[in-house]
Amino acid sequence: MMGDMIKFVSESNITIAEVMQQINNNNGGILFFTNKEHKLVGCITDGDIRRYLLSGGNISDNVFSAANSTPQFATTKAEAKRLYKTNNGKAIPILNETGEIVSIYMGKEMTGAPKNPIRIPVVINAGGKGTRLDPYTRVLPKPLIPVGELPIIELIMKEYQNYDCKDFHIIVNYKRELMKAYFYECDEQYNITWHDEDIPLGTGGGLSLLRGKMNTTFFFANCDALLTSDYEDMLKFHRENGNVITMICAYKNLSIPYGVVEMGKDGVIEKMTEKPSMSFLTNTGIYIVEPEVIDDIEDGEVIGFPDIIEREKAKGKKVAAYPISENDWMDMGQLPELEKMRIKLYGE
């Protein structure tokens, strides 16, 4: 097995957490499994993992708790191309006469499939000072800091436009006139409604400025995070489960480069783990929200959106998390992440 193909193939005796790391590394959204004879025995996609975890599964479970044991495959490239077109753009393994994977068709020469329109409003919270990006934010508001050819806020807006979301509501405060001036001079015209926050209201309080102006489900996003996941599936999950808020969360995989020791009484070493890995869900700062949530925020109330979530839960309303791959989340809230995002979007 040569080249990049090895990134897409694994033995089957691994956990879902390990699979998540491999899928993040191969950027293909899928992993295939072979037995000791190197024959194809199954596959798993990031969607399979998401559905398994949402049903109550655990990331420490064996992969075949969530995997497909009868994956599609081809024996020729021509057949692989045909299957690729009907398989939602997922990779197709090409097998030899003994069932071994000899190639994987990735559809490189095909353009991306158009997204199904969802056409709901997008609210972007762009009023913060961006202190983690100091000193750049002494000159520019955080949303206008460029990542490659475009500022982060425009990259975010273009991702929503892929799903025909055209109505943008932008909450602004710090250096807001620069924000408005940029879009006034922008080559591409956007349908933007500006909401001026005269005093800082936190990551959630600014939504009170939209009272009476929002009568449908909407996306609510911080201005420093970009998702490349399936927005249509997020909205479907939100509606089918009757949520008032759906928090989009990414699984973060963290490897500790040291041996970890658990100590008991009198310094007795109870357990040692060499370079353990941890996986946990983290808030991306992107949500799907029902308009009734706005009515629960007082005018001028200073509050973070996580506190709004806790308040909605206390009222008995349904709040849920929608998990995505770490690889589908780009966060530019800190300086080291800016270059990583640029490389991911534009290449080296």
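## The model and its ground rules

The structure is a predicted model, in which local features need pLDDT of at least 70 and side-chain atom pairs count only at pLDDT 80 or more, while totals for chains, interfaces and linings use all residues. Residues are numbered from 1 along each chain as its sequence is written, and side-chain values use heavy atoms, with hydrogens and water left out.

## The chain as a whole

The protein chain holds ten helices and 18 strands; helices (H or I, at least four residues) and strands (E, at least two) are DSSP runs, numbered from the N terminus. Of its 348 residues, 47% are buried. Here buried means under 20% relative accessible area, exposed means over 50%, and partly exposed lies in between (1.4 Å probe, protein chains only).

The accessible surface comes to about 18,100 Å², and carbon and sulfur atoms own 50% of that. Such areas come from the Shrake-Rupley method with a 1.4 Å probe, and for residues only the protein chains shown count as cover. Among contacts with a separation of 6 or more, 67% join residues 24 or more positions apart, a contact being heavy atoms within 4.5 Å.

## A three-strand sheet

Let's look at an open sheet of three strands, in the order S1-S2-S3 and with mixed pairing. Strand S1 (9-11) and S3 are at the edges with a single partner strand each, so one side of each has no neighbour in the sheet. On average, neighbouring strands here are turned by 35° against each other, direction ignored. Two strands count as paired if DSSP finds at least two bridges between them.

S1 and S2 pair in the parallel sense over three bridges, and Val9 has Phe32 in S2 as its bridge partner. Strand S2 (residues 30-34) and S3 run antiparallel, joined by five bridges, with Phe32 opposite Cys43 in S3. S2 and S3 make a hairpin with five residues between them, and His38 in the turn has a positive phi of about 65°. Strand S3 (residues 40-45) has five of its six residues buried, so the rest of the structure largely encloses it.

## Helices alongside

H1 lies across S1, S2 and S3 and runs at about 120° to S2. Helix H1 (residues 16-26) also packs with helix H2 (residues 46-54), at an angle of about 145° and with axes 11 Å apart. Axes are lines fitted to C-alpha atoms, for helices over the stretch in contact, and angles run from 0 to 180 degrees between N-to-C directions.

At this contact, Ile16, Val19, Met20 and Ile23 in H1 meet Asp46, Ile49 and Tyr52 in H2. By class there are six nonpolar, no polar and one charged residues; Ala, Val, Leu, Ile, Met, Phe, Trp, Tyr, Cys and Pro count as nonpolar, Asp, Glu, Lys and Arg as charged, and the others, Gly among them, as polar.

## Two residues up close

Ser10 sits in strand S1 and counts as buried, at 9% relative accessibility. Leaving out residues up to four places away in sequence, Ser10 touches Gln22, Leu31, Phe32, Phe33 and Thr34.

Asn283 belongs to strand S16 (residues 277-289) and is partly exposed, with a relative accessible area of 29%. Beyond its neighbours within four places in sequence, Asn283 is in contact with Met247, Ile248, Cys249 and Trp329. Asn283 and Pro323 are 40 residues apart in sequence, and their C-alpha atoms are 9.5 Å apart in space.
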